[in-house]
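Dear colleague,

Here is the structure I promised to pass on. Please open it alongside this message; my notes follow below.

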Amino acid sequence: MITSPSFYRTIHKQETGKAVVLGHLVKRLMKKHTAKIIVCTAVFALLFTSFLMIGTYASGNHPAEAAVNEHVVTVHSGDTLWGIAQQFTDGKQDIRYIIYLIQDRNDLQSSEIMPGQRLIIPSI
């Protein structure tokens, strides 16, 4: 069945000039904003997961308070675990073992220490 053009126009009305411009403007703005929304969502997700990871690392297990036979040392600039361990050894034990004991006692994940950090030195 072939329809006449007049019948087709009654079913599918053509948009007027303003409506066409407005439709194109809306489509263009939606494309721009969609990209911005996607980028903002990705940045938010990245920041959120970063803060979760930082919070997890920062709120790790804190060591128990120092016992009577343990020493508390405040780390100064330039201090290393090796140097601190040397101060508390009698020279008979392996320094690497003493460093291990200090890391274990203070729940340290690595050998990095920061100035101002307080370390508990276990009795050796």
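Which residues does R105 touch, not counting residues up to four places away in sequence? The list is P63, A64, E65, A66, A67, E70, I120 and P122. Bear in mind that this is a predicted model.

**Helix α4**

R105 is found in helix α4, which spans residues 95-105. R105 has a relative accessible area of 17%, so it is buried, the limit being under 20%. Just after the helix comes D107, with a positive phi of about 55°.

**The core**

The largest nonpolar core has 13 residues. Which of them touch the most other members? They are L81, I84, A85, I102, I113, L119 and I121. Two or more residues come from each of α3, α4 and β2. The biggest share is that of α4, with four residues. In soluble globular proteins, nonpolar side chains do tend to be buried together.

Take I121 from that list. Setting aside residues up to four places away in sequence, I121 touches E70, H71, V73, I84, F88 and I102. Note E70 here; R105 touches E70 too.

**After β2**

I124 is found in the segment after β2. Is I124 buried or partly exposed? Its relative accessibility is 45%, so I124 counts as partly exposed. Leaving aside neighbours within four places in sequence, I124 is in contact with F88, Q93 and I98. F88 is also on the contact list of I121.

**The aromatic pairs**

The count of aromatic pairs comes to two. One of them is F44 with F48: the ring centres are 6.0 Å apart and the planes lie at 20°, so this pair is stacked. Planes under 30 degrees apart count as stacked. Both residues lie in helix α2 (residues 17-58). They are four residues apart, about one turn of the helix.

How accessible are the two partners? F44 has 57% relative accessibility, so F44 counts as exposed. F48 has 45%, so F48 counts as partly exposed.

Best wishes

Technical notes
Residues numbered from 1 in each chain as written. Predicted model: local features only at pLDDT ≥ 70, side-chain atom pairs only at ≥ 80, totals over all residues. Heavy atoms only, no water. Phe/Tyr/Trp six-rings, centres within 6.5 Å; stacked < 30°, edge-to-face > 60°. Buried < 20%, exposed > 50% of the residue type's maximum accessible area, 1.4 Å probe, protein only. Contact = heavy atoms within 4.5 Å. Core = buried A, V, L, I, M, F, W, Y, C linked by side-chain atoms within 4.5 Å.
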